[in-house]
Amino acid sequence: PENKVGIMLCLVGLKGCGKTIFWDLIQAMIGGDACFETEQPDRDIWGDNNSCIMGKYVIRITEASRKEFAGHVNKMRTKVTDKTIRVRALYGAADNVKSFHRFYLDTNHEDAIPDEHDERRFFIVKCSGEKIGDGAYFTRLAEATVDKGRVCREGVRAFYEFLMARPCKAHYIGKDIPVGEFARKLRDHNRSHGDQFVQAIVEAQRIDSNTLVWNADQVYRFYTEWQSNGREFDRSKSAVMKILEFKSIPGIKQTVPIDKVTKKQVRTYTFDLVVLRERYGIDRTIATAIEEGRREDVRAAARDQGSSSMIDLLAPTAAN
């Protein structure tokens, strides 16, 4: 509990799918005194009267909507990872205290969390609606956690042991977050046109190259092929460069060197492919690529020499 995990759990699901029962189970396991829930994070978490979160461990943000949450995203990111948090009681003095808070959000709105392709803070889970309206199921589920107003120790203990059996790291980063089908669709929906185009550029490059330098003409030619797909394409080069907004994407540097032949300035873009591969989850390393190439060379030589034993020996390694 002394380690901030650096990731916020976000449950997205229709009303009645069971999000509140999940929260009840968390409270039963951790203790109600260590839990806090709010519909107004701007007031109760980073507001000027937020002493209500003192001594709390898990904080639930409820019924978030895109309109309400969009303005909170940047502040929420810092609270998820910051080691300290500023608290102040009404009419009292402010103070910075250690933050051990775990933040948890649930919402009925699929577009509430403005997830991005390089997001490292939000773990978004789409909840199944299969059991909506199944009263018998939720009655059994409630009885597994609460018995006549008291916590049912067996159900809570089972949940606790399930969690404790999972491996746990001291700190989690973006690569640790599983990305499901819903999260991928959400990220693609929120991504800019230029960001999707840059991913196409990176995916088209050799895996053993670290840097790509293109001028505006080369970018425009690649964009024309990528966008048109055989259809007529009539957008001008200046219009294309404007909508791509390369400056907003980390890993791309724009320079305007002077061409040695024409003596004119030429706009040039340098793509840091290592940084961009990490951004887009293209995680095959150069070392892996080189090793795979070496294995293939050995396999080819073995085939030429008719040595099946060498092929058999390398096959499991290559598969791994």
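Residues are numbered from 1 along each chain as its sequence is written, and side-chain values rest on heavy atoms, with hydrogens and water left out. In this predicted model, local features need pLDDT of at least 70 and side-chain atom pairs count only at pLDDT 80 or more, while totals for chains, interfaces and linings use all residues.

**View 1. The crossing of helices α9 and α10.** The axes of α9 (residues 216-228) and α10 (residues 237-244) come within 10 Å and cross at roughly 85 degrees, which makes α9 roughly perpendicular to α10 (a term for angles of 65 to 115 degrees). The axes are lines fitted to C-alpha atoms over the stretch in contact, with angles running from 0 to 180 degrees between N-to-C directions, and the helices are DSSP runs (H or I) of at least four residues, numbered from the N terminus.

**View 2. The residues where α9 meets α10.** With contact taken as heavy atoms within 4.5 Å, A216, D217, V219, Y220 and Y223 in α9 meet K237, V240, M241, I243 and L244 in α10. The residues of this contact divide into eight nonpolar, no polar and two charged, where Asp, Glu, Lys and Arg count as charged, Ala, Val, Leu, Ile, Met, Phe, Trp, Tyr, Cys and Pro as nonpolar, and the others, Gly among them, as polar.

View 3. Strands β4 (residues 84-88) and β5 (residues 94-98) run antiparallel and are joined by five bridges, where strands are DSSP runs (E) of at least two residues and pairing requires at least two bridges. R86 has N96 in β5 as its bridge partner, and among the five residues between the strands, Y91 takes a positive phi near 65 degrees.

Technical notes:
Parallel < 35°, antiparallel > 145°, perpendicular 65-115°, else oblique.
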